[in-house]
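Welcome! Please open the model in your viewer and keep the selection panel handy.

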Amino acid sequence: MTVMELPARTRNESTAWMLVFGAWLIASVSTLGALFFGEVMHLPPCVLCWYQRIFMFPLALILPMGLFPFDRKVVRYALPLAVLGGLFAAFHLLLLAGVIPENVQPCTQGVPCSETVIEWFGFVTIPLLSAAAFSIITALLIATHLRGSK
Amino acid sequence: MKQKTLFIVAAVVLLLAFLGGALAYKGEKRDQSAQLADLNREALVRMHSPTLGKADAPVAIVEFLDPACETCRAFYPRVKEMMAANPDQIRLVLRYAPFHEGSDKLVAVLEAARKQGKFWPVLEALLTAQADWAPNHTAQTDLVWKHLEGLGLDLAKMQADMNSPEIASVIAQDIEDARTLNVTKTPEFFVNGKPLPSFGYEQLKALVDEALLSAQR
């Protein structure tokens, strides 16, 4: 028996798999990146960075559990993490931009969150990378969910 | 099956990239600190630095030390061991890096003891009793004095000397040199001007052995 044409359902399934896989890739790169900044470059993370880590690190572990065997329910568990992490990243960005005044920020001791530690190409900062990662993961997970309901 | 392969390949690539990046970063940092030490040789040893061992010993260990630092305390006897194992071959130069809270006062105690010719016994007494006068990593000068009894010191004179501008300038110079050489942790060692490739007793020993060997040639 030869495989002629994959049934639409299976194709849909493997697209959804790729979407979750993509989300995992981003979560893993972010996790390793955060560990690189902290453990290799010895940049101390600020309080807001820690909250974003709390939501990013588990994504790198939970997403692959939904990949083998593929279980689209992983979206239900991963999406809240991605959205909440994204909110922290957005808050961090607003703080850096000065939209949220200094005295509202939660970190008074240690490394101030309003400090820019890294700036690549003049605009890429750690909170920006974090916000981008959480947004893309959220988008991929929502896309996975929509594929399933079709 | 294909999906599994894709996942495993991606995971391995990510991990290798992380490890490779970490190694490259560390290597670059190491080269940078070696260059820094090379460019700032005069910041390594000052006229005022306390020195142990023969002046013309071929191997010079420069140690940035904080009297309140536990790791410095742990390293001190091992450095002494190395010196004892190679008589007249190693010279130890101490620099101050008072990073702990209150440590600068302790350095002043050491410098005041030095005026009475008792630097090394006082350093050793302080390191031995470290846990007692540096609770919670905070150096407390008040708790120091009772550990200095019996060393034949004029404690009243020491307390007066501690505030001398001369001692303050020694401390300021050492802190400035530490900054120049990018010394951010204690103890930090330089063996014949070379920084440790990475922190650890074995690394220090290897560097000293290498210097001893090249001195014999």
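Which residues touch the most other members of the largest nonpolar core? Select L123(B), L126(B), W133(B), L148(B) and L204(B): in this predicted model, these five have the most contacts with other members of that 52-residue core.

Now colour chain B by secondary structure. The strands β2 (59-65), β3 (90-96) and β4 (188-191) each give at least two residues to this core.

Next, centre the view on L126(B). What is L126(B) in contact with, leaving aside its neighbours within four places in sequence? Show L106(B), V109(B), L110(B), W133(B), V144(B) and L148(B), and you have the set.

**On to the charged pairs**

The structure has 11 salt bridges over all chains, and we will visit a few.

Start with R114(B) and E111(B), whose closest N and O atoms are 2.7 Å apart in a salt bridge. These residues sit three positions apart in helix α3 of chain B, so about one helical turn separates them.

Because K115(B) belongs to helix α3 and E166(B) to helix α7 of chain B, the pair ties together parts 51 residues apart in sequence. K115(B) is partly exposed, with a relative accessible area of 38%.

Now select D132(B) and K146(B), another salt bridge, with an N to O distance of 3.6 Å. Where in chain B are the two partners? D132(B) is in helix α5 (residues 130-133), while K146(B) is in the loop between α5 and α6 (155-161), and the pair links distant parts of the chain, 14 residues apart. Is D132(B) buried or partly exposed? D132(B) is partly exposed, at 37% relative accessible area, and K146(B) is partly exposed too, at 49%.

For the last stop, display R46(B), R95(B), D174(B) and D177(B) together. Salt bridges link these four residues in a network.

Definitions and conventions. Residues numbered from 1 in each chain as written. Chains lettered and ligands numbered in written order. Predicted model: local features only at pLDDT ≥ 70, side-chain atom pairs only at ≥ 80, totals over all residues. Heavy atoms only, no water. Core = buried A, V, L, I, M, F, W, Y, C linked by side-chain atoms within 4.5 Å. Buried < 20%, exposed > 50% of the residue type's maximum accessible area, 1.4 Å probe, protein only. Helix = DSSP H or I, 4+ residues; strand = E, 2+ residues; numbered from the N terminus. Contact = heavy atoms within 4.5 Å. Salt bridge = Lys/Arg side-chain N within 4 Å of Asp/Glu carboxyl O.
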